[in-house]
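The sequence and the structure are displayed first, and the notes follow by topic.

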Amino acid sequence: MNPEKESCLVEVLDRLLNKGAVLNADLIISVAGIPLIGVTLKAMIAGMETMLEYGIMEDWDKSSRELYASQETHLPLFPGEQILYKAFGYLREDEGLIKCWVPGIWNITSHRVILWVKTPGKILFETPRENLRVLRVPASHEVRKELELIYPQGSRRISLSDRNEFEEALAGTAEERAAKKGSELLITG
Amino acid sequence: MVKEARYLYSVARTGHIAQLGSIGIQENNVYIVPYKDIAAIVHACEAKPYRTEDKKLAEGWVLEHSYVIDQAMKMFGTVLPFSFDVIIKGDDDVVKEWLCRDYENLARELLRMQGTAEYSIQIYCDYDYLEKLVLANNQELCDLKNRIEKESKGKAYLQRRNLELKLKSLTYSETGRLADQFCSEIKPLVKELKTAGRTSWTPEKYRDKKLLATYSCLVSDEAVKKLGEVLEEINGKEGFYVRFTGPWAPFSFVRLSEAG
């Protein structure tokens with residue numbers, strides 16, 4: 001039998017909305033690099049607030065930038081601690097009944113790696129930079145680029161739009177720290 | 001209206017500047033932005049996503065996007081299709097910069113997809129026919145059925161219920177076994193196979209049938225004929241029906257995130 005070039009609307013919608021290549025679809029904020037916008041049709045019905053809440057940025061307008069910029073000032077830091085890198089991303093929550101990716105802003109500071117959420121304004125995850133290892137893991141989802149943070153007490157799966165940037169940020173500052181303290185941060189690719 | 005962004009339809013292998021005409025979403029002019037031997041197929045738009053509360057309008061946009069990909073396939077052969085509403089903020093130079101930055105990834109995917117296309121296979125079965133077949137081939141159930149006919153009314157009811165449940169469970173495992181068998185016949189002929197989720201839509205002529213399996217397959221051009229023959233064989237079995245559609249752009253198989 002020969003294949004038929006026929007498909008119905010439902011199939012076309014399925015292909016175009018659920019499949020196909022995506023560029024950082026719901027991961028917009030990035031420190032450097034090219035900004036990309038992408039939302040799914042599903043997100044169309046969500047309001048601006050909801051989209052910001054869940055990381056589906058609809059635009060690069062002033063208000064959304066300000067909303068994100070304002071988060072920085074709220075993240076409680078130690079005296080002398082500096083934010084070195086900031087990017088939108090997720091943390092895998094495997095404990096409890098609901099297994100999901102929790103969105104937030106990943107911050108690499110001079111002391112810690114932190115996932116910060118604006119509402120209700122809390123640190124969802126933090127670990128000291130000491131003895132932290134990062135492993136790349138195969139993506140369980142087309143869009144997500146996943147990393148495994150391995151620290152002395154355990155490990156957590158995270159995802160970011162740009163793993164390279166995150167790794168570089170960690171490595172870059174690791175060098176400085178190593179120079180300062182003689183401690184070493186191991187990055188594996 | 002400032003068109004400081006580019007709506008991305010697909011990436012193709014071509015080094016020449018070309019115009020595809022006003023075939024884009026909302027009749028936008030679609031053109032290509034080349035970098036080395038690859039190119040992005042885009043239209044200029046505002047730096048905001050396409051969104052609307054109007055379902056019909058949104059569906060129209062998706063169909064227009066799909067049409068551009070079809071046209072691009074005709075012009076350039078293999079393309080890497082992008083999802084609806086992927087927009088690059090910036091002008092053609094920024095698109096070029098992205099192509100340059102992601103060149104290795106994109107070129108690798110284009111090479112992997114070269115000479116292939118995605119095909120969709122749905123296998124339906126006539127459930128009643130299959131049930132009869134299962135019953136006929138199972139001595140235990142046949143005996144039970146014969147006994148029921150001789151039983152008193154009340155006892156017969158309970159035993160009939162028992163027979164129905166057993167038959168249903170056996171027929172279900174038979175559908176699973178058949179799906180596995182068909183899959184193993186298809187698999188050697190395709191480069192990649194994905195078992196797709198249930199589609200919410202069934203063509204009219206299969207409405208009274210049961211969907212046994214749905215596969216998305218990445219098939220090389222020369223293997224399509226052989227695959228068609230295998231599917232024809234399945235389609236020829238009594239009680240089985242195959243829907244074979246394509247070729248589509250490799251929507252289910254394009255991977256741009258780096259491996260590992």
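**Backbone features and a helix pair**

Asn131(A) sits in the loop that connects strand E5 (122-128) with strand E6 (133-137) of chain A. The model described here is predicted. The points below begin with this residue and then turn to chain B.

**Residues with a positive phi**

- Although Asn131(A) is not a glycine, its phi is positive, at about 55°.
- Asn131(A) counts as partly exposed, because it has 14 C-beta neighbours inside 10 Å, and the partly exposed class lies between 12 or fewer for exposed and 20 or more for buried.
- In chain B, Gln26(B) is not a glycine either, and it has a positive phi of about 55°.
- The loop between strand E2 (19-21) and strand E3 (30-35) of chain B holds Gln26(B).
- Gln26(B) has 13 other C-beta atoms within 10 Å and is therefore partly exposed.
- As background, most residues other than glycine have a negative phi, and most peptide bonds are trans.

**A cis peptide bond**

- The peptide bond that joins Gly246(B) and Pro247(B) is cis, with an omega of about -5°.
- Pro247(B) belongs to strand E10 (residues 240-248) of chain B.

**The pair of helices H5 and H6 in chain B**

- Helix H5 (residues 139-150) of chain B and helix H6 (residues 153-186) of chain B have axes that come within 10 Å and cross at roughly 160°.
- H5(B) is therefore roughly antiparallel to H6(B), since angles over 145 degrees count as roughly antiparallel.
- The crossing of H5(B) and H6(B) is left-handed.
- On the H5(B) side, the contact involves Leu141(B), Leu144(B), Lys145(B) and Ile148(B).
- These residues meet Ala156(B), Gln159(B), Arg160(B), Leu163(B), Lys166(B) and Leu167(B) in H6(B).
- By type, the residues of the contact of H5(B) with H6(B) comprise six nonpolar, one polar and three charged.

**Val94 in chain B**

- Val94(B) is placed in helix H2 (residues 92-101) of chain B.
- Val94(B) counts as partly exposed, because 18 C-beta neighbours lie inside 10 Å.
- In sequence, Val94(B) and Ala5(B) are 89 residues apart, while in space they are 9.1 Å apart, C-alpha to C-alpha.

Conventions: Residues are numbered from 1 along each chain as its sequence is written. Chains are lettered from A and ligands numbered from 1 in the order in which they are written. This is a predicted model: local features need pLDDT of at least 70, side-chain atom pairs count only at pLDDT 80 or more; totals for chains, interfaces and linings use all residues. Axes are lines fitted to C-alpha atoms, for helices over the stretch in contact, and angles run from 0 to 180 degrees between N-to-C directions. Helices (H or I, at least four residues) and strands (E, at least two) are DSSP runs, numbered from the N terminus. Angles under 35 degrees count as roughly parallel, over 145 as roughly antiparallel, 65 to 115 as roughly perpendicular and the rest as oblique. A crossing is left-handed if the near helix is turned anticlockwise from the far one by less than a right angle, and right-handed if clockwise. Two residues are in contact if their C-beta atoms, placed from the backbone, lie within 7 Å. Ala, Val, Leu, Ile, Met, Phe, Trp, Tyr, Cys and Pro count as nonpolar, Asp, Glu, Lys and Arg as charged, and the others, Gly among them, as polar.
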